[in-house]
Amino acid sequence: MCRGLEALPITCLERAKELKSLFGSLLQKSNTSITGKSKKSDKQRLNVDDPLKWKESFEKLLSSQTGLCLFRAFLVSEFSEENIAFYLACEDYRSTKPSKLSSKAKRMYDEFISSDAPREVNLDHVTKAITMENMKQPCQSCFNMAQAKIYTLMEKDCYPRFLNSTTYLELSRRTKTG
């Protein structure tokens, strides 16, 4: 998870501003990591090749901690952060102990899937119905279909817009010119 991004309670707009500031920091300080430490002391620093790798595939973007943080910042700025939040919650859910699956599944359903969810993701009614049916006996895979739909939505819609965003283009340009 992105360090320093989980302050309580913070509005979406304030969070977007904070994440946009993170973008700016990366653009201005090529010798400083996202945590503000020097390259030598921080294993999480931005590798100069990372932004160029992110363009190769959506999976490469998500597998980079910095890329994931920047993509999340982009989604916040577009008011669609619930997509990556749900995707990451599903990833976390898979490693949940069996004794906690039921309560965690209910929290996730209430937060992201139900029709009155505060962070409702855009799912078709068939996927919602199947997920609701899965909730009767929660297992590690009960959100797989919903997660796959949101992944595809981000890959086909949000990811291309991220790659065309001013911030990403500037970051990749500076990476190339070093």
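Guide: A disulfide is a covalent bond between the sulfur atoms of two cysteines. Here it is counted as a pair of cysteine sulfur atoms within 2.5 Å, and a search of the whole structure finds zero of them. Cys 139, for instance, is in no disulfide, and the nearest cysteine sulfur, that of Cys 142, lies 5.5 Å away.

Guide: Before we go on, please keep in mind that this is a predicted model, in which local features need pLDDT of at least 70 and side-chain atom pairs count only at pLDDT 80 or more, while totals for chains, interfaces and linings use all residues. Residues are numbered from 1 along each chain as its sequence is written, and side-chain values use heavy atoms, with hydrogens and water left out.

Visitor: Is Cys 158 buried or exposed?

Guide: A residue is called buried under 20% relative accessible area, exposed over 50%, and partly exposed in between, using a 1.4 Å probe and protein chains only. Cys 158 has a relative accessible area of 2%, so it is buried, whereas Cys 139, at 33%, counts as partly exposed. In the protein, buried residues make up 40% of the 178 residues.

Visitor: What is the secondary structure of the protein?

Guide: Helices (H or I, at least four residues) and strands (E, at least two) are DSSP runs, numbered from the N terminus. The protein has nine helices and zero strands.

Visitor: At what angle do the axes of α5 and α8 cross?

Guide: Axes are lines fitted to C-alpha atoms, for helices over the stretch in contact, and angles run from 0 to 180 degrees between N-to-C directions. The axes of α5 (residues 81-93) and α8 come within 10 Å and cross at roughly 140°. Angles under 35 degrees count as roughly parallel, over 145 as roughly antiparallel, 65 to 115 as roughly perpendicular and the rest as oblique, and α5 and α8 are therefore oblique to each other. Contact means heavy atoms within 4.5 Å, and the residues of α5 that meet α8 include Phe 86 and Tyr 87, while those on the α8 side include Ile 150 and Tyr 151.

Visitor: Where in the protein is confidence lowest, and where is it highest?

Guide: The pLDDT is the predictor's confidence in each residue, from 0 to 100. Confidence is lowest in helix α1 (residues 12-28), at a mean of 57, and highest in helix α8 (residues 144-163), at 98. Over residues 1-10 the pLDDT is below 50, and it is also below 50 over residues 29-44. Where pLDDT is low, the predicted coordinates should not be read in detail.
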